[in-house]
Amino acid sequence: MPLLPLIATTAIADGEGQRVDTPEGAFAVFNLGGEFFVLDNTCTHGPGNLGDGFIENEEVECDFHQGRFAIRTGAATAAPCIDPVRVWDVVIQDGQICIDPKAGHYAV
């Protein structure tokens with residue numbers, strides 16, 4: 001499994017998220033209490049960027065239309081979003097948050 005390093009663990013504060021652009025696509029990376037999660041950055045309802053969204057109660061609110069997704073699972077939790085976003089299993093390697101970019105899945 002070739003891993004794609006996205007960002008250093010120290011670059012994302014607890015309770016924060018960040019958009020990470022790579023040649024393989026755009027990802028939204030989140031830190032929830034020192035546990036890291038990676039979602040597809042693009043909202044399933046419109047052109048919003050989840051990495052730029054507002055985080056509350058382990059959910060990210062899309063910056064475009066205020067729909068929400070569960071950060072841990074990618075499940076849509078508030079209208080107008082109804083479809084989940086893809087998630088990736090995170091591997092921490094040499095202080096970097098890494099994923100297998102071909103292994104995105106829907107956890108819900």
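I call a residue buried under 20% relative accessible area, exposed over 50%, and partly exposed in between, using a 1.4 Å probe and protein chains only. The model I am reading is predicted, so I take local features at pLDDT of at least 70 and side-chain atom pairs at pLDDT 80 or more, while totals for chains, interfaces and linings use all residues. Residues are numbered from 1 along each chain as its sequence is written, and side-chain values use heavy atoms, with hydrogens and water left out.

**Entry: salt bridges**

I looked up the salt bridges, meaning a side-chain nitrogen of Lys or Arg within 4 Å of a carboxyl oxygen of Asp or Glu. I get five by this rule. Side chains of opposite charge can pair when their charged atoms come close.

**Entry: Asp-40 and Arg-86**

I checked this pair next. Asp-40 and Arg-86 form a salt bridge, with 3.4 Å between the closest N and O atoms. Asp-40 sits in strand S4 (residues 35-40) and Arg-86 in the loop between strand S8 (76-78) and strand S9 (87-88), so the bridge ties together parts 46 residues apart in sequence. Is Asp-40 buried or exposed? Asp-40 counts as buried, at 17% relative accessibility. Arg-86 is partly exposed at 31%.

**Entry: strand S4**

I then followed S4 itself. Five of its six residues are buried. I count two strands as paired if DSSP finds at least two bridges between them. S3 (residues 25-32) runs antiparallel to S4, and six bridges join them. Asp-40 is the bridge partner of Phe-27. S3 and S4 make a hairpin with two residues between them, and Gly-33 in the turn has a positive phi of about 65°. S4 also runs antiparallel to S9, with two bridges. There, Leu-39 stands opposite Val-87.

**Entry: Glu-58 and Arg-72**

The closest N and O atoms of the Glu-58 and Arg-72 salt bridge are 2.8 Å apart. Glu-58 is in the loop between strand S5 (54-56) and strand S6 (59-61), and Arg-72 is in the loop between strand S7 (68-70) and S8, 14 residues apart. Glu-58 is partly exposed at 38% relative accessibility. Arg-72 is partly exposed at 35%.

**Entry: Arg-19 and Asp-21**

Arg-19 and Asp-21 meet through their side chains in a salt bridge, 2.8 Å from N to O. I find Arg-19 partly exposed at 32% and Asp-21 exposed at 53%.

Conventions. Helices (H or I, at least four residues) and strands (E, at least two) are DSSP runs, numbered from the N terminus.
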